Amino acid sequence: MAPLWSTVNSLRALRDEDVFNDLTNIKIPTLILYGVHDTICPYPFAEYMNRTIKNSVLTPLTDGGHGAFYECKDEINKSLEAFIYNYNQ
């Protein structure tokens, strides 16, 4: 029963928490990988995060939706490698 309980509480937190105002508190380089076709969290959220988080980089995943971590795993890995490399220079 624990997995169901934790899933329900996670969904409640997603519904009830407003973290948009916290984005300005992020002060470290941030890579935002976002599926352009995400219908659960639409792409304008990514654009907002990119505008709001100082030192952020937005990488639109043109072939991805909400499951972009799986749908675009090769592109994600390349973007992550480039981001790490660029910030370690």
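This is a chat about the fold of one chain in a predicted model.

Reader: Hi! What does the secondary structure of the chain come to?

Author: Hello! The chain has four helices and two strands. Starting at the N terminus, the elements follow the order α-β-α-β-α-α. Keep in mind that the model is predicted.

Reader: Got it. What box do the C-alpha atoms fill?

Author: Along the principal axes, the box is roughly 45 × 30 × 25 Å.

Reader: And how much of the chain is buried?

Author: Of the 89 residues in the chain, 25% are buried. The accessible surface is about 6800 Å², and carbon and sulfur atoms account for 59% of that surface.

Reader: Let's zoom in. Where is helix α4, and how many residues has it got?

Author: Helix α4 covers residues 73-87, which makes 15 residues. From the first C-alpha to the last, α4 reaches 21 Å, close to the 21 Å expected at 1.5 Å a residue.

Reader: Which residues of α4 are buried?

Author: They are I76, S79 and F83. Looking down the axis of α4, you find these buried residues within an arc of 70°, so they line one face of the helix.

Reader: Why do residues three or four places apart point the same way?

Author: An α-helix has 3.6 residues a turn, so residues with that spacing end up pointing the same way.

Reader: Nice! What do the buried residues of α4 pack against?

Author: They pack against strands β1 (30-35) and β2 (56-61), and against helix α3 (68-71).

Reader: Which residues are exposed on the other side of α4?

Author: On that side, D74, K78, E81 and Y85 are exposed.

Reader: Switching topic: where does T52 sit?

Author: T52 belongs to helix α2, which spans residues 44-52.

Reader: Is T52 buried or exposed, and why do you say that?

Author: T52 is buried, because its relative accessible area is 17%, and buried means under 20%. Setting aside neighbours within four places in sequence, T52 is in contact with L23 and T24.

Reader: How about R15, buried or exposed?

Author: R15 is exposed, since its relative accessible area is 60% and the cut-off for exposed is over 50%. You can find R15 in helix α1 (residues 2-16).

Reader: How far apart are R15 and H66?

Author: In sequence, R15 and H66 are 51 residues apart, and in space they are 17 Å apart, C-alpha to C-alpha.

Reader: Last one: how many positive and negative side chains are there?

Author: The chain has 7 positive and 11 negative side chains. The centres of these two sets lie 5 Å apart.

Definitions and conventions. Residues are numbered from 1 along each chain as its sequence is written. This is a predicted model: local features need pLDDT of at least 70, side-chain atom pairs count only at pLDDT 80 or more; totals for chains, interfaces and linings use all residues. Side-chain values use heavy atoms; hydrogens and water are left out. Buried means under 20% relative accessible area, exposed over 50%, partly exposed in between (1.4 Å probe, protein chains only). Contact means heavy atoms within 4.5 Å. The expected span of a helix is 1.5 Å times one less than its number of residues. The arc is that of the directions from the helix axis to the C-beta atoms. Accessible areas come from the Shrake-Rupley method with a 1.4 Å probe; for residues, only the protein chains shown count as cover. Lys and Arg count as positive and Asp and Glu as negative; His and the chain ends are not counted. The place of a charge is taken as NZ of Lys, CZ of Arg, CG of Asp or CD of Glu.
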